[in-house]
Amino acid sequence: MNSETDWLKDIKEGVHSFIQEMNVKKDFSYFKYSFSGDLYDLNTKWGLGQLVFATKILYMIDKIKELEPVHRINLINAINSFQTKEGYYTDIKLFKPDEKNIIINMFKVLKGGKESSFHEKTKRAETRQSFAALLALNSKPLRSFLHIPYSKKEIEDYLGRLNWSQPWGAGSHFSHLIFFLHYNRFLFGLHKDDADDLIDYAIRWVNRLQSPTDGCWYSGDVPISQKVNGAMKVLIGLSAVKKSAFYPERIIDTSLKIGKNSDACNDFNVVYVLYRCSKLTDYRIDDIKNFCLKRLSQYKQYYHEDKGGFSFYLDRANDVYYGAKITQGLNEPDIHGTVMFLWGITLISQILKFDLGLKEPIT
């Protein structure tokens, strides 16, 4: 480390202080989203996203093991309170489906449309992240998630309906699919005999879309940023089931062409892709390290040292989450920006071999 990265030495303590401030009741049952500008409070009975993000942050800074037993139980119970009888984890009070859009999307699917409704995709993403958070707490969901295909024909139809000209969205649902195939078997014993075969089939299907030129998974004419964002989703799914990708060198070449991004998610995506590929090859490792060092200097601009957290945008907290307006977007940190930038720092610290005491999260 050098003078430009010295600010990272106290990052664990800073983020821990931030999480303590965001822990409104001090019992780990509810966390704020932004430092002071939330439009809802605990009386709204919302906050699944914050619980998941708080858990991931605590896991990365290696503080879960220090939680009092009652606080760990409160965190588990709070997350599980959002699971429906159908197995979804969803902040339903905040993300209510629009009936008009449900009908429109239903007809689109019946006519061979590409994707399920926004609300369905949101619930699936929230459920996957809730599973991961509970695993980080050495716990498990109350029930399995069965809203995925469980035959090769169904998997082919499912993946074929995704819009691969928008690979970030399509890649995320491929990732969810193999994640749930794996963890339904691991946690609940579902399809013990054929889960691995179904996972391998899904991976082979998606790999037909992988470009040997740039290494990314997509169809049609896609901007480079979307290619890399989509690759992040595919790679995070492969990692969840301990599988590797082909053409890591081409993916690295593509990712290193990406410039500065404007928010925490997009900025993280390229770092994750480089991190995952750097574990498969030493190709351009010095270029990757230089890229990551520059990223850290950019990350510092999002860090509010006095409060210990990161803002999702430069000088502004995130104000919209899954399409719902949730904060005033003030110049302050938020828990979403903090989890994403801390995750990026965790991966970069491993690439650069900085000993910051951070752990890669379960996801």
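**Figure 1. Salt bridges in the predicted model.** A search of the whole structure finds 19 salt bridges, a salt bridge being a side-chain nitrogen of Lys or Arg within 4 Å of a carboxyl oxygen of Asp or Glu. The model is a predicted one, in which local features need pLDDT of at least 70 and side-chain atom pairs count only at pLDDT 80 or more, while totals for chains, interfaces and linings use all residues. Residues are numbered from 1 along each chain as its sequence is written, and side-chain values use heavy atoms, with hydrogens and water left out. Side chains of opposite charge can pair when their charged atoms come close.

**Figure 2. Close-up of Lys32 and its partners.** The side chains of Lys32 and Glu21 form a salt bridge with an N to O distance of 3.5 Å. This pair links distant parts of the chain, since Lys32 is in the loop between H1 and H2 whereas Glu21 is in helix H1, 11 residues apart; helices (H or I, at least four residues) and strands (E, at least two) are DSSP runs, numbered from the N terminus. Lys32 is buried, with a relative accessible area of 17%, and Glu21 is partly exposed at 36%, where buried means under 20% relative accessible area, exposed over 50% and partly exposed in between (1.4 Å probe, protein chains only). Lys32 also lies over the face of Phe35, at 5.0 Å from the ring centre; a charge sits over a ring if NZ of Lys or CZ of Arg is within 6 Å of the ring centre and within 35 degrees of the ring normal.

Figure 3. Arg284 forms a salt bridge with Asp253, and their closest N and O atoms are 2.8 Å apart. Arg284 lies in the loop between H11 and helix H12 (285-299) and Asp253 in helix H10 (residues 248-255), so that the pair links distant parts of the chain, 31 residues apart. A salt bridge also joins the side chains of Arg284 and Asp287, at 2.9 Å from N to O. Asp287 is partly exposed, with a relative accessible area of 35%. Through shared partners, salt bridges join Arg250, Asp253, Arg284 and Asp287 into one network.

Figure 4. The structure holds 27 aromatic pairs, in which rings of Phe, Tyr and Trp (its six-membered ring) have centres within 6.5 Å, with planes under 30 degrees apart counted as stacked, over 60 as edge-to-face and the rest as tilted. Trp7 and Tyr303 form a tilted pair, 5.6 Å centre to centre with 40 degrees between the planes. Trp7 lies in the segment before helix H1 (11-22) and Tyr303 in strand S1 (residues 303-304), so the pair ties together parts that are 296 residues apart in sequence. Trp7 is buried at 13% relative accessible area, and Tyr303 is buried at 14%. Tyr183 and Phe186 form an edge-to-face pair, 5.9 Å centre to centre with 85 degrees between the planes. Both Tyr183 and Phe186 lie in helix H7, three residues apart, about one turn of the helix. Tyr183 is buried, with a relative accessible area of 12%, whereas Phe186 counts as exposed at 54%.

**Figure 5. Close-up of an aromatic cluster.** One aromatic cluster is formed by Tyr88, Tyr89, Phe131, Phe145, Phe179, Phe180, Tyr183 and Phe186. Lys123 lies over the face of Tyr88, at 3.9 Å from the ring centre.
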